[in-house]
Amino acid sequence: MTHTEPIPQPRPLVGEGPLTWDDADRRTVASIRGLAMDAVQRAGNGHPGTAMSLAPAAYLLFQRFLRHDPSDPSWLGRDRFVLSCGHSSLTLYIQLFLSGYGLEMSDLESFRTWGSLTPGHPEHGHTVGVETTTGPLGQGIATAVGMAMASRYQRGMLDPDAPWGFSPFDHRIWVIASDGDLEEGISGEASSLAGVQRLGNLTVIWDDNHISIEGDTAVAFTEDVVGRYEAYGWDVHYVGMTPDGDIDILALNTALEAAVDQQERPTFIAMRSTIAWPAPHARNTAKAHGAALGADEVAATKVALGLDPARDFQLPDGVLDHARGVVARGKALHREWDVSYQAWRRSHPDRAALLDRLLARELPPEIAEALPVFEAGTSIATRAASGKVINAIAEVMPEFWGGSADLAESNNTTIEGGLSFLPAGSGGRDSSPYGRIIHFGIREHAMGAILNGIALEGLTRPFGGTFLVFSDYMRGSVRLAALMQTSVVFVWTHDSVGLGEDGPTHQPVEHLWSLRGIPGLAIARPCDGNETAQVWLEALRRATPTGLVLSRQGLPVIDRSTHAPASEAARGAYVLAPASAKPRAVVIASGSEVSVALAARDILEAEGVPTQVVSAPCLEWFDEQDPDYRASVLPDDTSVRVAVEAGATYGWWRYVGSRGAVIGIDHFGASADGALLFEKFGITADAVAASVRSLLAQEGTS
Ligand SMILES: Cc1ncc(C[n+]2csc(CCOP(=O)(O)OP(=O)(O)O)c2C)c(N)n1
Ligand SMILES: [Mg+2]
């Protein structure tokens with residue numbers, strides 16, 4: 001790489017000089033507290049207390065620490081702010097309003113109502129400036145860990161040689177988390193990993209208010225939280241309260257400045273606060289967490305804040321102008337950043353071209369040709385085929401990275417020749433701070449949220465693996481992936497009783513339909529190696545959350561010269577083997593049961609029953625096809641339709657109709673050889689053929 005000109009050095013990520021906290025700031029913070037009370041009072045429901053107490057902390061962050069440009073909310077160089085305690089959404093909405101992100105007073109007035117930009121909990125993609133959807137406690141902080149990891153990977157891909165703080169790709173992740181966030185196991189999983197990863201670009205402020213819904217947190221939360229974070233390897237700080245119970249803003253400012261200077265470890269700031277401060281009666285009560293304070297208490301609190309008790313949604317003169325000063329600050333930061341960014345572009349044209357492709361969300365043109373082709377007549381488990389596909393994709397997509405929750409070998413998720421993603425000096429020769437193999441540890445839930453965070457950072461394409469049965473452990477994050485439509489691929493292997501001897505604890509049964517029940521999540525269960533390659537490609541093309549469901553056991557590679565091409569898998573379901581004449585029966589199957597369906601077809605055709613076999617790797621993609629196509633796959637005039645899948649039966653009825661049949665497993669599995677379990681549980685060609693015969697007989701008599 002030749003440098004055509006010296007790169008101007010952007011300012012490192014340091015603080016902004018001594019804190020000035022003047023009357024204008026105090027009046028603004030008082031107004032924020034008033035708005036939080038008013039919005040909940042107007043809606044009749046919501047969470048006023050925490051938005052009131054957190055007001056100075058959020059204001060300090062947005063005004064002074066967060067590097068953001070409200071006039072360009074998707075600025076590549078921006079810091080990310082995550083409000084992990086999403087119930088306190090007004091904390092975020094009011095800052096977005098005051099900072100000039102486009103939210104207006106009218107949006108605060110319509111808080112929590114139909115069609116508003118201010119729903120009960122912050123929703124990414126709905127309200128500009130919301131970096132991730134939060135509300136399920138614990139998800140935000142774990143997602144933020146993913147953002148912090150992605151930030152490091154991205155600079156490794158684009159600007160690895162710049163010292164930390166000097167690359168246009170360096171930025172910080174700021175989180176506010178509540179007691180509930182830290183009680184949830186997922187936050188412990190993710191925080192532990194953040195410590196291992198020494199994520200110096202991550203700061204978490206814990207709103208230590210000793211209150212949750214059932215009262216004093218001492219009823220359920222008594223450990224030494226700060227000690228725990230110290231043990232995770234974080235840099236910890238305490239921020240106390242003022243004598244009258246407000247957040248000590250000077251102490252918080254000092255702690256945040258220390259966080260900015262900290263490059264080696266994530267920062268944890270334990271910040272004492274009083275929920276609903278300074279409401280005379282509601283403060284420090286659990287009731288203030290989730291209910292409007294009532295008109296009298298609101299009025300009394302306004303008096304305490306120096307606001308007019310008779311006015312709702314008031315902003316004293318000058319407050320908005322004062323707060324919106326952050327727009328000019330943001331533009332200046334952005335301009336300054338642009339100089340170094342443009343210089344980087346000129347000096348690194350190849351990397352700039354890569355970045356442009358990533359920003360355009362395009363795949364490299366050579367991706368389709370890069371995929372492996374599996375030879376007909378051989379046998380390969382779809383997890384193993386997926387492993388080969390992952391490696392082929394990795395060759396042409398530097399933005400493609402991921403790993404497993406300690407099952408890399410079983411999930412076939414390892415990028416051969418790749419380095420482990422680990423901080424400098426911690427993992428030996430096979431690792432690098434910019435490595436592309438993530439070791440999540442046995443932390444499925446955090447893995448799910450971290451994958452979301454990586455995807456939300458916006459430039460890279462993550463995947464993460466575990467056994468399908470443990471998708472339950474990560475379901476909260478999978479649901480958010482679907483809600484946010486993040487470009488995440490979940491690699492779920494060992495997809496049925498076919499996994500064998502590990503027995504019922506490890507054998508998924510209800511999981512396929514349980515996951516298919518999540519709106520916006522595609523579940524792709526390919527039948528052979530070549531379908532595996534095609535569903536991977538389709539998942540990447542769509543860039544929406546996809547769960548790949550893959551077999552442990554070997555599956556025959558279907559001869560595509562005599563059957564439909566595997567590329568048809570992108571349509572979700574397709575006629576793999578047409579009937580020899582107008583079909584009298586249709587057998588529809590996914591994954592390992594497609595070869596069972598083909599064998600049943602051989603039996604039935606030999607008996608003179610023209611039978612069409614449909615391979616259905618992804619019902620969500622199939623449901624999107626036009627009605628004519630769907631009717632060609634599942635002809636309306638063929639009432640004898642049998643579905644076969646080694647799992648719970650219930651969703652298949654939609655595809656087989658009331659005169660059809662479903663062959664599946666509606667009970668737990670057992671510890672024995674996988675092939676034997678298929679026999680014992682009736683997932684066989686003979687059972688499918690018998691079912692078709694019986695339906696044809698019923699049809700004949702009806
Ligand atoms: C996973 C999850 N479980 C339960 C809830 C319901 N819930 C909302 S807030 C909350 C606890 C509130 O306590 P805390 O986190 O300390 O917030 P604070 O009241 O201090 O704002 C609960 C249980 C939730 N949002 N997410
Ligand atoms: Mg609390």
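Which domains does the domain assignment of the chain give? The domain assignment, automatic or taken from a database, gives domain 1 (23-331), domain 2 (367-556) and domain 3 (566-701). This is a predicted model, in which local features need pLDDT of at least 70 and side-chain atom pairs count only at pLDDT 80 or more, while totals for chains, interfaces and linings use all residues. Residues are numbered from 1 along each chain as its sequence is written, with chains lettered from A and ligands numbered from 1 in the order in which they are written.

**Domain 2 and domain 3**

- The centres of domain 2 and domain 3, taken over C-alpha atoms, are separated by 26 Å.
- Between these two domains, 34 residues of domain 2 are in contact with 32 residues of domain 3; two residues are in contact if their C-beta atoms, placed from the backbone, lie within 7 Å.
- On the side of domain 2 that touches domain 3, at least two residues each come from α21 (511-516), β15 (522-524), α22 and β17 (554-556). Helices (H or I, at least four residues) and strands (E, at least two) are DSSP runs, numbered from the N terminus.
- Helix α22 gives the most to that side of domain 2, with five residues.
- By class, the side of domain 2 that touches domain 3 holds 16 nonpolar, ten polar and eight charged residues. Here Ala, Val, Leu, Ile, Met, Phe, Trp, Tyr, Cys and Pro count as nonpolar, Asp, Glu, Lys and Arg as charged, and the others, Gly among them, as polar.

**Helix α22**

- The 14 residues of helix α22 (residues 529-542) should span 20 Å at 1.5 Å a residue, and the end C-alpha atoms are 20 Å apart, which agrees. The expected span is 1.5 Å times one less than the number of residues.
- Eleven of the 14 residues of α22 are buried, so the helix is mostly covered. A residue is buried if 20 or more other C-beta atoms lie within 10 Å of its own, exposed if 12 or fewer, and partly exposed in between, with C-beta atoms placed from the backbone.
- Among the buried residues of α22 are Trp536, Leu537 and Glu538.
- Ala543 follows α22 and has a positive phi, near 55°.

- Helix α6 (residues 139-158) has 20 residues and reaches 28 Å from its first C-alpha to its last, close to the 28 Å expected at 1.5 Å a residue.
- In α6, 20 of the 20 residues are buried.
- The largest nonpolar core has 205 residues, and those with the most contacts inside it are Ala36, Val145, Ile450, Val587 and Val688. A nonpolar core is a set of buried Ala, Val, Leu, Ile, Met, Phe, Trp, Tyr and Cys residues joined through C-beta atoms within 7 Å.
- The largest share of this core, eleven residues, comes from α6.
- Leaving aside neighbours within four places in sequence, Val145 is in contact with Ala190, Leu193, Ala194, Leu199, Leu202, Ile450 and Gly453.

**Ligand 1**

- Ligand 1 is surrounded by 17 residues, of which the closest are Thr50, Ser178, Asp179, Gly180 and Ser212; a residue is near a molecule if its C-beta atom, placed from the backbone, lies within 6 Å of it.
- The elements that give two or more residues to this shell are α7 (179-183) and β4 (211-212).
- The shell divides into six nonpolar, nine polar and two charged residues.

**Individual residues**

- Val326 lies in helix α14 (residues 325-347) and is buried, with 21 other C-beta atoms within 10 Å.
- Leaving aside neighbours within four places in sequence, Val326 is in contact with Phe62, Gln63, Pro70 and Ser99.
- The C-alpha atoms of Val326 and Ser178 are separated by 26 Å, and the two residues are 148 residues apart along the chain.
- Glu375 is placed in the loop between α16 (367-370) and β8 (379-381) and is exposed, with 10 other C-beta atoms within 10 Å.
- Glu375 and Asp559 are 184 residues apart in sequence and 7.9 Å apart in space, C-alpha to C-alpha.

**Backbone features in loops**

- The peptide bond from Trp277 to Pro278 is cis, with omega near 5°, and Pro278 is found in the loop between β7 (267-272) and α11 (287-290).
- Ala276 lies in the loop between β7 and α11, has a positive phi near 65°, and counts as buried with 29 C-beta neighbours inside 10 Å.
- Asn412, in the loop between α18 (408-411) and β10 (420-421), has a positive phi of about 55° although it is not a glycine.
- Asn412 is buried, with 23 other C-beta atoms within 10 Å.
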